[in-house]
Amino acid sequence: MHLVSDNDRVVSVDELNTSRLLRHASKQAEMRKFDEMMIVDVDAHHYEAENFKDIIPFMENDVYRQLSLAQIAKSGRGVVNTTNFGFQDIGGRVTRYPLRASERTPPEKMRDIEIGERWMDAMSVDYSCLFPTGMLNIGMHPSKEMEVELCWAYNRWVTEKALPESQGRMYSMLCLPFSNPAACLKHVETFGHRKGVGGFMITTVRDDMPVYDDAYMKVYRAIEERGLALSFHSGFNWGKSGVFQSCNRFIAAHALGFSFYNILHLTNWVVNGMGERFPKLPVIWIEAGLAWVPFLMQRLDHEFMIRSSETPLLKKKPSDYMRDMYYSTQPMEIQDMDALETTFRMINAETQLLYSSDYPHWDFDLPSTISDLPFLSERAKHNILGGNAARLFNLPPRNEKQRENLIKYGNLAADAAE
Amino acid sequence: MPEIFICKKSELQDGERKIVAVGEDEVGVFLHQGRYYAYSNFCLHQGGPACEGLIIAKTQELLNEDRTSQGLSFSKDQTNFVCPWHGYEYDIKTGECDSDRRLKLRSYQVVEKSSDIYVVS
């Protein structure tokens, strides 16, 4: 196979095989005995648009189902969702993007699950939380009816078709149609009890997203009552938002966008006292890295000391509420080890940080990004790589050594033997 | 110093590379503009197969005298090979990371003997 390079250069490469591509990750896992440690990846992805022919039939509305089926029949891959322009593959430098279609999988198994298990096995990941990719842009869809229909169809497909094929190794936090609070509640009530559902996810790439609106209180309460998690998954928005239209390079829109949206919505979440209203609701902020968290803690605490009259529900500093919440690791900024250590201290990483790979996206992180940090205790490594998530999502160990380690560090929440 | 056979010269064309095991290491051997270069195949970032991805000219942005940009273009002087995991780029002539030249892949000496090429481990 050939990749597009500069000018007339022809670069020959093998077809994609995820296990072969990640063989160095397997070597790392073997050297570090990762099989003895439960590893949970709270943020991994697949490309749901490649499954739209199977997903769209789950739409409830006859008209939108017909519109969508006609659309994907015309285009082949489907353009029923809003798209987000970007250069994630860096001009083909991240080869799994242009080569994805070349990977061979057995016809008897769902392709996305087969590929998912290949990278999970290579990294020694025991469980992964599966998220869509394109549907992270669902908040920008101009048709709110389509937002509801697509979320419903995807959530039925993923819980009824995809997750069951993973034999319990994949779970999900299901995408909510946040533009419609009543539909969100229906999603929670319908899907909240299903196997493989660890919670619900709100994609934060939205121009107008009042997380504090009274219309959502029933939704948050329903999630909290079920003992599930609420996650906010960030993203970028290059070209559809006035804020980032001044970015001429993708690096700028991407680097800023992921942090920006989580900063925006977490701020509204905290200053409106959501931590006081739903103290038992685990809230997770996903895929914005970590460097923004200390910044925001200091910024909000500084203003809170002066303007507490605007935040009467708060009984402690904003940073204290932020330390009650959870954060996923990736894309972890490992550039200044002292700064990273400070960040871990400020967010109580030992109990609040959850490893995530974001695979197969271009800036994925391996478990070794956590296990190799020189300032972490063994307890912190075990907790962050899987123990915290094991408690949060009631995930059982997959072997006896993992069970021993979960007990050792107080993380055994579920046991396969029970 | 043991020499590890790579391949016949005829099996590696200019612009191509071969990946071979050298002890515990994997080595990428490149033939670029008539010269051989060999580097460890473990990326200095997260350990990806650094030598197995795209080979592409360095992207540059030249400025005019008045500091306005001439736009993006491909360098005619520098070629990089790119780790396929995340896109770390390395100068094919030095093994230095293009984003931070203090980072450098372990390099290996390549020797030619009649019609064969070897790396010195």
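## A buried isoleucine

A:Ile384 is buried, because 26 other C-beta atoms lie within 10 Å; the cut-offs are 20 or more such atoms for buried, 12 or fewer for exposed and anything in between for partly exposed, with C-beta atoms placed from the backbone. The residue sits in helix α16 (residues 378-393) of chain A. Helices (H or I, at least four residues) and strands (E, at least two) are DSSP runs numbered from the N terminus.

Apart from neighbours within four places in sequence, A:Ile384 is in contact with A:Thr329, A:Ala349, A:Leu353, A:Leu354, A:Tyr355 and A:Ile370. Contact requires C-beta atoms, placed from the backbone, within 7 Å. A:Ile370 is 14 residues away along the chain, and its C-alpha atom is 7.7 Å from that of A:Ile384.

## Basis of the model

The model is predicted: local features need pLDDT of at least 70, side-chain atom pairs count only at pLDDT 80 or more, and totals for chains, interfaces and linings use all residues. Residues are numbered from 1 along each chain as its sequence is written, while chains are lettered from A and ligands numbered from 1 in the order in which they are written.

Chain B averages a pLDDT (the predictor's confidence in each residue, from 0 to 100) of 96, and 100% of its residues score at least 70. For the complex, the predictor gives an ipTM of 0.96 and a pTM of 0.96.

## The sheet of chain B

Chain B has an open sheet of 6 strands in the order β1-β11-β10-β4-β3-β2, with antiparallel pairing. Two strands pair if DSSP finds at least two bridges between them. The edges are β1 (3-8) and β2 (17-22) of chain B; each has a single partner strand, so one side of each is left without a neighbour in the sheet. From one strand to the next the twist averages 30°.

Within chain B, the antiparallel strands β3 (residues 25-32) and β4 (residues 35-40) are joined by 6 bridges. B:Phe30 stands opposite B:Tyr37 in β4(B).

## The interface

Chain B contributes 17 residues to the contact and chain A 20 residues. On the side of chain B that touches chain A, the elements giving two or more residues are β5 (55-63) and β6 (69-82) of chain B. β5(B) gives the most, with 3 residues.

That side of chain B divides into 9 nonpolar, 7 polar and 1 charged. Nonpolar covers Ala, Val, Leu, Ile, Met, Phe, Trp, Tyr, Cys and Pro; charged covers Asp, Glu, Lys and Arg; the others, Gly among them, are polar.

## A helix pair in chain A

Helices α9 (residues 250-271) and α11 (residues 292-304) of chain A have axes that come within 11 Å and cross at roughly 35°. Axes are lines fitted to C-alpha atoms, for helices over the stretch in contact, and angles run from 0 to 180 degrees between N-to-C directions. By class, the contact of α9(A) with α11(A) has 6 nonpolar, 3 polar and no charged residues.

Definitions and conventions: Contact = placed C-beta atoms within 7 Å.
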